[in-house]
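Keep the model open beside you and try each task before reading its solution.

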Amino acid sequence: MRNVERIDPLAVEPLRLRDALASALDGGPALALTQLPLEQIPESAALLIETGGSTGNPKVVALSASALKISSSLSNNALGASGIDRWSLALPLNHIAGINQLLRAIDLGTDPVVSGAQFISVVPTQLYRALEQQNEIFTELKSAKKVLIGGAAIPDQLIARGKEVGIQLVTSYGMTEMCGGCIYDGKALPGVDVKIEESGRIALKGPMRALCYLNNEQANNQSFVGDWFITSDFGVIEKGGLLHVGGRADDVIISGGENISTIEVEDVLYKHPAVLEAAVVGRPDTTWG
């Protein structure tokens, strides 16, 4: 079994984590960013990282060096990043989006930085706060060559506001099981295939797909089908082949026997000029359920 080095990603310096990750990519000990039990680790695993756990208890995802290298290279190529560019450390390093900052820096051969980066990854809340507060992060975003935004549903109005002030936004869709974002602005990265299952769920295939979940045969059988990864997101492929993500399968309220997507309701609310932020949740009702 491959040797494993456990590291708490929130308790070490980013460059220390970067070096351990680079070692794992070159055949050194696999890097484990989890305290969960590790058993039956694939020999080709280079990174062991938890999912966000949004659909229940977190699972440990095993990712190969090949998948991680391809993912970071394709991302840099798609965004136009070169060997003189630097990635920001704007995201925490305990999730795949944060680790991708390090992976893309390794691919470029440059050090990630706290400020002055040409490429930045953020989540929608960070962009919203930057636009509202006009703070230092706002200045960083405006000066960046490209800003990847993902990790949660992104209101169209938020993207429009960002672009209006000159932020070069690129939407990103993906998950830990696909080494992070593999769909940019609705278009799949080279080598990535997308289809919609009969259930309406998005399925993804590509060279950055994970090896498996550790010690979770049931989840593996449900999610890893042939060469495909079956996501927990509903979606449709629109005109021009662009993927539109409709929300998570568990973001559904059942009322009176009807399935109501909370994301669709939020989208309607966001169209009102007085609404800056919205969240839709269900509450128990004796008549409607």
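**Exercise 1.** Find which residue of strand 2 is the bridge partner of Glu5.

*Solution.* Start at Glu5 and cross to strand 2, where the bridge partner is Leu31. Strands here are DSSP runs (E, at least two residues; helices are H or I, at least four), numbered from the N terminus. Next, look along both strands: strand 1 and strand 2 (residues 30-33) run parallel and are joined by three bridges. Two strands pair if DSSP finds at least two bridges between them.

This is a predicted model, in which local features need pLDDT of at least 70 and side-chain atom pairs count only at pLDDT 80 or more, while totals for chains, interfaces and linings use all residues. Residues are numbered from 1 along each chain as its sequence is written, and side-chain values use heavy atoms, with hydrogens and water left out.

**Exercise 2.** Work out the strand order of the open sheet and name its edge strands.

*Solution.* Trace the five strands in the order 1-2-3-4-12; the pairing is mixed. Then check the ends: strand 1 (4-6) and strand 12 (212-213) each pair on one side only, which makes them the edge strands.

**Exercise 3.** Is Asn76 buried or exposed, and which side chain does its own side chain meet in a polar contact?

*Solution.* First, locate Asn76 in helix 2 (residues 65-79). Its relative accessibility is 1%, so Asn76 counts as buried (buried is under 20% relative accessible area, exposed over 50%, partly exposed in between, with a 1.4 Å probe and protein chains only). Finally, its side chain makes a polar contact with the side chain of Asp107, at 2.8 Å (a pair of N or O atoms within 3.5 Å; within protein, one must be able to donate a hydrogen and the other to accept it, and residues adjacent in sequence count only if both atoms are side-chain atoms).
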